[in-house]
Amino acid sequence: MNINENYLNLEQSYLFSTIAKKVIDFSAKNPDKKIIRLGIGDVTLPLCKAVIEALHKAVDEMGVQETFRGYGPEQGYEFLQTAIKKYYLKRNVELNINEIFISDGAKSDLGNILDLFSKENTVLVPDPVYPVYVDTNVMAGRKVIFSNANRENEFLPMPDASQKVDIIYICSPNNPTGAVYSKEQLKKWVDYAKSIKAIILFDAAYECFISDDKLPKSIYEIEGAKECAIEFCSLSKTAGFTGTRCGYTIVPESLDKLNKFWLRRQTTKFNGVPYIIQRAAEAVFSESGQKEIKENIQYYKENAKIISETLDKCGIWYTGGKHSPYIWLKCPNGMSSWEFFDYMLNNIQVVGTPGAGFGKNGEGFFRLTSFGSKENTIEAMERFKKLFKI
Ligand code: PLP
């Protein structure tokens, strides 16, 4: 037996465990101090009414002989694929049912899709970004190179013809920076990918936070994207499904072999998302579901506004927060990401995420999220203002 030694090349992920340890140590020494967490990437609002009703109905169906369901289609029930097809049509993106694959979330699909690609491929990943892209490729032994996202390019790196790559990751709106590509910028990526016969893996997990109609929510809004891109979507942040688990991946039929291989891969290694969860997901795309999830997203956006306004007042540079739940700020006074983390924890007991945990270009930056409660966000920002003497 030989193990996959590529696992030895994974960098240990100390980010969230180090944060947790520092918070526990601080609390032990200062039991009377209230800590406010603005670092979480998880939602806090409960599932909306339309989803809960659909869940109850589906659970009842499962207890009745006539409506009980066993194994479903591995790629998802047609009722949910149809709901997603209609959702895309609203943005003038036409999809066939066979191009829509239902899954238990974007993270699994982002990892699993790599089954379709040769180990010899070179991968281009933006830095900083969601760490799963790098780790899943390291596990397979692929070569990963980076495109630098920084203040100069507003955290939106553009294609560099000198980088010879086969697989290109794009995350827009971006985690952790909140930066969003325009249609013109995405067109350049699409043209570049086509010119070098690369594939784009487009992560649209935060598309629902985009509130400007001119900004693309799907890469298929860009001409030519169906010939070079796979899109990953999730109901996690959109509809509070982080614990309920449902997402979907679009593999265009024009990517001939990839669409067929993905179906083959899923039917071989996956047995589908539970019926009740797919009914809940279908409810997200109903009229009432859309209205209710938008109210929840609005709640988080107001938190983001509270944070942004405070940073404006304190004269701290930041980006994001407008079309994203994430606010990405420059640590003041030249502090490193971890120095700023400690400074905030020790002085005002506000916890965020050090940017260095998302890649080398994240050093000196810090991620705050709008997923907390409004009360806590306001209190955290009041403390912030006091610390920065506003
Ligand atoms: N993609 C990005 C950019 C994310 O930030 C996350 C979760 O934080 C995911 C994908 C994973 O989503 P899911 O919960 O659907 O697995």
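Modeller: An oxygen atom of the ligand sits 2.8 Å from a polar backbone atom of Ala106. Keep in mind that this is a predicted model.

Biologist: Which residue has a polar side-chain atom 2.6 Å from an oxygen atom of the ligand?

Modeller: Two side chains come up here. Arg245 places a polar side-chain atom 2.8 Å from a ligand oxygen. The 2.6 Å distance to an oxygen atom of the ligand belongs to a polar side-chain atom of Tyr206.

Biologist: How much of the ligand's accessible area does the protein cover?

Modeller: On its own, the ligand has 400 Å² of accessible area. Of that area, the protein covers 91%.

Biologist: Which elements give two or more residues to the shell around the ligand?

Modeller: The shell holds 14 residues, with Asn175, Asp203, Tyr206, Ser234 and Ser236 the closest. By class, 6 are nonpolar, 4 polar and 4 charged. The elements that supply two or more residues are helix H4 (106-112) and helix H7 (236-239).

Biologist: Is Thr244 buried or exposed?

Modeller: Thr244 lies in the loop between H7 and strand E8 (247-250). Its relative accessibility is 17%. The cut-off for buried is under 20%. Because 17% falls under that cut-off, Thr244 counts as buried.

Biologist: Which residues is Thr244 in contact with, leaving aside its neighbours within four places in sequence?

Modeller: Contact here means heavy atoms within 4.5 Å. Neighbours within four places in sequence are set aside. The contacts of Thr244 are then Leu47 and Ile277.

Terms used
Residues numbered from 1 in each chain as written. Predicted model: local features only at pLDDT ≥ 70, side-chain atom pairs only at ≥ 80, totals over all residues. Heavy atoms only, no water. Near = heavy atom within 4 Å. Polar contact = N/O pair within 3.5 Å; in protein donor to acceptor, adjacent residues only side chain to side chain. Areas by Shrake-Rupley, 256 points an atom, 1.4 Å probe, with all protein chains shown as cover. Helix = DSSP H or I, 4+ residues; strand = E, 2+ residues; numbered from the N terminus. Nonpolar A, V, L, I, M, F, W, Y, C, P; charged D, E, K, R; others polar. Buried < 20%, exposed > 50% of the residue type's maximum accessible area, 1.4 Å probe, protein only.
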